[in-house]
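Take a look at the fold below. Start with the overall layout, then move to the annotated site.

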Amino acid sequence: MDRRHFGLGAVAVLGLSACGSQDSKFRRYYGPAVTSVVINKGARKMYLLNNEKVLKEYKVDLGFAPAGHKQFEGDGKTPEGTYLIDRRNPNSAFHLSLGISYPNARDVAYAQAMGKKPGGEIFIHGQPNLLRDRKKAKKQPDWTAGCIAVRNEEIEEIYAMVRDGTVITLRA
């Protein structure tokens with residue numbers, strides 16, 4: 001093999017290895033199953049549990065008016081109660097996101113009785129993808145519209161660990 005072919009081959013191998021080494025937001029998890037997620041709103045903490053054992057703990061930001069249970073669309077509150085992780089969005093406006101089954105039938109009934117909408121689209125998510133929104137979020141704690149926010153590296157880990165159908169309990 002002459003030097004020119006060797007050099008072209010080496011460049012091709014390096015180029016392919018560089019493509020394979022790019023960081024992906026999609027991680028894999030091989031540890032114990034996450035059987036539940038608990039959010040302690042007052043402490044601004046999220047816990048991923050395997051039965052009674054805490055596997056991971058994260059600091060979280062909440063809705064812009066976090067005290068109390070979410071009741072209406074636009075109230076800025078993060079829900080309280082027991083729900084399910086019911087969907088995932090790999091193309092979220094917030095890096096990655098896991099959907100929470102809010103509102104349930106009781107939430108809907110209460111809001112309707114008050115002549116309002118219960119709101120929805122509550123997620124655990126990372127930071128905003130748009131730079132201007134990310135800068136705005138960094139300026140204040142509890143910046144979401146009612147969601148639970150973590151750092152991007154953390155949502156990548158959570159997204160890999162937590163399966164659809166996992167119970168999530170949000171406490172005051």
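This is a predicted model: local features need pLDDT of at least 70, side-chain atom pairs count only at pLDDT 80 or more; totals for chains, interfaces and linings use all residues.

The protein chain has four helices and eight strands. Along the sequence they follow the pattern α-β-β-β-β-β-α-β-α-β-α-β. Of the 172 residues, 38% are buried. The accessible surface comes to about 10,200 Å². Carbon and sulfur atoms account for 56% of that surface.

Eight strands form an open sheet with mixed pairing, in the order 3-2-1-8-4-5-6-7. Strand 3 (53-59) and strand 7 (148-149) stand at the edges. Each has a single partner strand, so one side of each is left without a neighbour in the sheet. In general, strands of a sheet pair through backbone hydrogen bonds, either parallel or antiparallel. Strand 6 (residues 123-125) and strand 7 run parallel and are joined by two bridges. Within this pair, His-125 has Ala-149 of strand 7 as its bridge partner.

Helix 4 (residues 152-161) lies across strand 2 (45-50), strand 3, strand 4 (81-89), strand 5 (97-100) and strand 6. Helix 4 runs at about 150 degrees to strand 3.

Next, the site. Which residues carry the UniProt annotation "active site"? The record, an unreviewed entry, gives His-125 and Cys-147. They are spread over 23 residues of sequence, yet they cluster in space, with a largest C-alpha distance of 7.5 Å. The lining of the second largest pocket includes both His-125 and Cys-147.

Take His-125 first. His-125 is found in strand 6. Is His-125 buried or exposed? Its relative accessibility is 2%, under the 20% cut-off, so His-125 counts as buried. Beyond four places away in sequence, His-125 touches residues including Phe-94, Leu-96, Ser-97, Trp-143 and Thr-144. Its contacts also include Ile-148, Ala-149 and Val-150, as well as Ile-155.

Cys-147 sits elsewhere in the chain. Its place is in the loop between helix 3 (131-138) and strand 7. At 10% relative accessibility, Cys-147 counts as buried. Leaving out residues up to four places away in sequence, Cys-147 touches Asp-61, Leu-62, Gly-63, Thr-78, Glu-121, Ile-122, Phe-123 and His-125.

How values were computed:
Residues are numbered from 1 along each chain as its sequence is written. Side-chain values use heavy atoms; hydrogens and water are left out. Buried means under 20% relative accessible area, exposed over 50%, partly exposed in between (1.4 Å probe, protein chains only). Accessible areas come from the Shrake-Rupley method with a 1.4 Å probe; for residues, only the protein chains shown count as cover. Two strands pair if DSSP finds at least two bridges between them. Contact means heavy atoms within 4.5 Å. Axes are lines fitted to C-alpha atoms, for helices over the stretch in contact, and angles run from 0 to 180 degrees between N-to-C directions. UniProt positions are given in the numbering used here, feature names are shortened, and annotations may be inferred rather than shown by experiment. On a 1 Å grid over the protein atoms alone, a cavity is a set of points where a 1.4 Å probe fits but cannot get out, and a pocket is an open set with protein on both sides within 12 Å along at least five of seven lines; lining residues have an atom within 4 Å of a point.
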